[in-house]
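The following exercises concern a single protein model.

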Amino acid sequence: MSTATAAKAKTTPAKKTTKKTAAKKAAPKSVATNENDPTAAFEAYSEAAREKFVRVTEDFSEGAEQMRETLTELAGDLSERATHTGEQVSAMTSELMDAAKDEVTDAVQFANDLMKAKSFGDALEIQREYWTDLFQARTERARDLSERAMALTKDNLDPITDKASALFRLPKNA
């Protein structure tokens, strides 16, 4: 040690130890005690980023699980509704086939009645009745089928639409 340094050390009075300085001296070197310490700032930022990442990952996992459950439910509903719709369409097709058979029977009866007509006026009246009855029957059948198809579509789409739209709603806390 140089003489100047030794002389300065002798003349400089020893600092008084307070509670604050004692705590600073007792703190381990790995823990930063200064707020302006870049290591401490980096560690704090890293911890906050890690916590945010964990929270986002958990939220994503929860959302993905909810979506999976909703999609599974939706797939089950679609399968049930497809079966129900198939049964309804099959019943409507059967009714249309029965109606076609009735129309063929009516057409044969019309031809027989027309052959039995005694006058031109009778033939016109037979023809008018046949075509009027045919038109009314087809109009009623078309109205009935339209109403049933609309009801079937509404019954099938309303629950599915509700569940599907739930997939795209934002969570309330977002």
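**Exercise 1.** Determine how far apart E47 and R50 are along their helix, and describe the salt bridge between them.

*Solution.* 
Step 1. E47 and R50 both belong to helix α3 (residues 38-115), and because they are three residues apart, about one helical turn separates them. Helices here are DSSP runs of H or I with at least four residues, strands are runs of E with at least two, and both are numbered from the N terminus.
Step 2. The model is a predicted one, in which local features need pLDDT of at least 70 and side-chain atom pairs count only at pLDDT 80 or more, while totals for chains, interfaces and linings use all residues. Residues are numbered from 1 along each chain as its sequence is written, and side-chain values use heavy atoms, with hydrogens and water left out.
Step 3. A salt bridge requires a side-chain nitrogen of Lys or Arg within 4 Å of a carboxyl oxygen of Asp or Glu. The closest N and O atoms of E47 and R50 are 2.9 Å apart, and the pair forms a salt bridge.
Step 4. Side chains of opposite charge can pair when their charged atoms come close.
Step 5. Buried means under 20% relative accessible area, exposed means over 50%, and partly exposed lies in between (1.4 Å probe, protein chains only). E47, at 35%, is partly exposed, and R50, at 46%, is partly exposed as well.

**Exercise 2.** Is E103 buried or exposed, and which residues does E103 touch?

*Solution.* 
Step 1. The side chains of E103 and R138 form a salt bridge with an N to O distance of 2.6 Å.
Step 2. Since R138 is in helix α4 and E103 in helix α3, this pair ties together parts 35 residues apart in sequence.
Step 3. R138 is partly exposed at 44% relative accessibility, whereas E103 is buried at 17%.
Step 4. Salt bridges with shared partners also join E95, D144 and R148 into one network.
Step 5. Leaving out residues up to four places away in sequence, E103 touches Y130, L134, R138 and R141, where contact means heavy atoms within 4.5 Å.

**Exercise 3.** Describe the surroundings of L114.

*Solution.* 
Step 1. L114 is situated in helix α3 and is partly exposed, at 33% relative accessibility.
Step 2. Apart from neighbours within four places in sequence, L114 is in contact with A123 and I126.
Step 3. The C-alpha atoms of L114 and I126 are 6.5 Å apart in space, although the two residues are 12 apart in sequence.

**Exercise 4.** How many helices and strands does the protein have, and what percentage of its residues is buried?

*Solution.* 
Step 1. The protein has four helices and zero strands, which gives the pattern α-α-α-α along the sequence.
Step 2. Of the 174 residues, 9% are buried.
Step 3. Of the contacts between residues at least 6 apart in sequence, 71% join residues at least 24 apart.
Step 4. The count of salt bridges comes to seven.
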